Amino acid sequence: MAQTLPTTMRVPYLDLSAQHAPIKDELMGAIGAIIDKNAFVLGPGVDAFERRFAEFCGAKYCVAVNTGTAALHLALLAHGVGPGDEVITQADTFIATVAAIMYTGAKPILVDVTAPSYTIDVRAVEAAITPATKAILPVHLFGQPCDLDALRAIAKKYNLVLIEDASQAHGALYDGEKIGSRGTATFSFYPGKNLGACGEGGGVVTDDAAIADRLRLLRNHGSREKYRHDVLGFNFRLEGIQGAVLDVKTRYLDGWTAQRRRVAGAYDALLGAFERPALLPGTVSAYHIYPVLVKNRDAVRETLAGVGIETNVHYPIPCHLQPGYATLGYSAGSFPLSERIALEELSLPIFPEMTDAQVEYVALHLTRAVAS
Ligand SMILES: Cc1ncc(COP(=O)(O)O)c(C=O)c1O
């Protein structure tokens, strides 16, 4: 393998230009149609996308909003989460998951993730339940589904709301069903996500007509009728141009996800010796992120950068140790696995257009860097 590889090759972490080039005319046409209609906020571009994304997920409704953070915030509010409530989530996630709980006035109760899947520790979830617990907010981090059967059973047993943070899990499968096909799940359409807008975007999918209605109300200043405001709401509307872009891109999402799985399969075959999260039985990842754990992570990153390989870290500081979240009352040692992931996680390049040669190049240089 080593002899056939060039000594340097540029491998970006992701390549949005490669994604957009073949569909540029289609995107520009969709954007142009919105400009022609002056339908810049919500409107037909967003309506069409909502129908298509709900269908993609196998859900009845999608309510599009302007960010994945707003999707979390409104999903919690629409399910009645507010001051005095506790919401259980994981320490190892993007900060927006925890922030959204705090925006509602509820208190985030963090638990650790667990090996070998690195998904939320369902036993810790059950142990964290108190009379104030209102909801559980697991995250399908890296695109990898959590133990939904166990979480659904806990939610049912204790009469809790279950909301899934699926910001990284578009098209991931649980027991053959797409994430978002049951219950309420939130998505981010930030540009680098598996489905990304040309700007910010987010959405909530649900089968519950009353929740969907509440979400539509909350995203639009509590208004169904112009200048009449039935509840305190927000301006979390998705822009028409982003809806039109997302509507086009959703048509390609299954194909892109299949390509991500090809890349991940190739990495799996070459990186068997590395510690990686194991998928739970019956799940298929959307591979938003391909994580490996390496002891000397920062030095390895630098070595890889030196041979043209761009990597990332998700995330260098776990939520409970973020300076702005000290009031939550956790400290170093509270969640050992989340803390180890923060120190050792390395996200390898992964995107649908990545070639087999690029995968081999990354695997070879990573193996060398770790050995040196
Ligand atoms: C797990 C997770 N939750 C929430 C979000 C927030 O989404 P956004 O950046 O669109 O607000 C993200 C995106 O970065 C995410 O990865």
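User: Where does the ligand sit?

Analyst: This is a predicted model. In it, the ligand sits in the largest pocket.

User: How many residues surround the ligand, and which are the closest?

Analyst: A residue counts as near if one of its heavy atoms lies within 4 Å. Here, 16 residues surround the ligand. The closest are Gly 68, Thr 69, Asp 165, Ser 188 and Lys 193.

User: What classes of residue make up the shell around the ligand?

Analyst: The shell has nine polar, five nonpolar and two charged residues.

User: Which elements give two or more residues to that shell?

Analyst: They are helix H4 (68-78) and helix H5 (95-103). H4 supplies the largest share, three residues.

User: How much of the ligand's accessible area does the protein cover?

Analyst: On its own, the ligand has 380 Å² of accessible area, and the protein covers 92% of that.

User: How do I read a sheet?

Analyst: Strands of a sheet pair through backbone hydrogen bonds, either parallel or antiparallel. One case here is an open sheet of three strands, in the order S9-S8-S12, with antiparallel pairing.

User: Why is one side of S9 and of S12 left without a neighbour in the sheet?

Analyst: Strand S9 (177-178) and strand S12 (283-284) stand at the edges. Each has a single partner strand, so one side stays without a neighbour.

User: How many bridges link S8 and S9?

Analyst: Strand S8 (residues 173-174) pairs with S9 over two bridges, in the antiparallel sense. Take Leu 173: its bridge partner in S9 is Lys 178.

User: Where are cis peptide bonds found?

Analyst: Check omega. A cis bond joins Ala 115 and Pro 116, with omega about 5°. Pro 116 is in the loop between strand S4 (113-114) and strand S5 (119-120). Another cis bond joins His 314 and Tyr 315, also with omega about 5°. Tyr 315 lies in the loop between helix H11 (297-306) and helix H12 (336-344).

User: What is phi of Asn 159?

Analyst: Phi is near 55°, a positive value in a residue other than glycine. Asn 159 is in the loop between helix H7 (148-158) and strand S7 (161-165).

Terms used
Residues numbered from 1 in each chain as written. Predicted model: local features only at pLDDT ≥ 70, side-chain atom pairs only at ≥ 80, totals over all residues. Heavy atoms only, no water. Areas by Shrake-Rupley, 256 points an atom, 1.4 Å probe, with all protein chains shown as cover. 1 Å grid on protein atoms, 1.4 Å probe; cavity = no way out; pocket = protein on both sides within 12 Å on 5 of 7 lines; lining within 4 Å. Sits in = over half its atoms within 2 Å of the grid points. Helix = DSSP H or I, 4+ residues; strand = E, 2+ residues; numbered from the N terminus. Nonpolar A, V, L, I, M, F, W, Y, C, P; charged D, E, K, R; others polar. Pairing = 2+ DSSP bridges.
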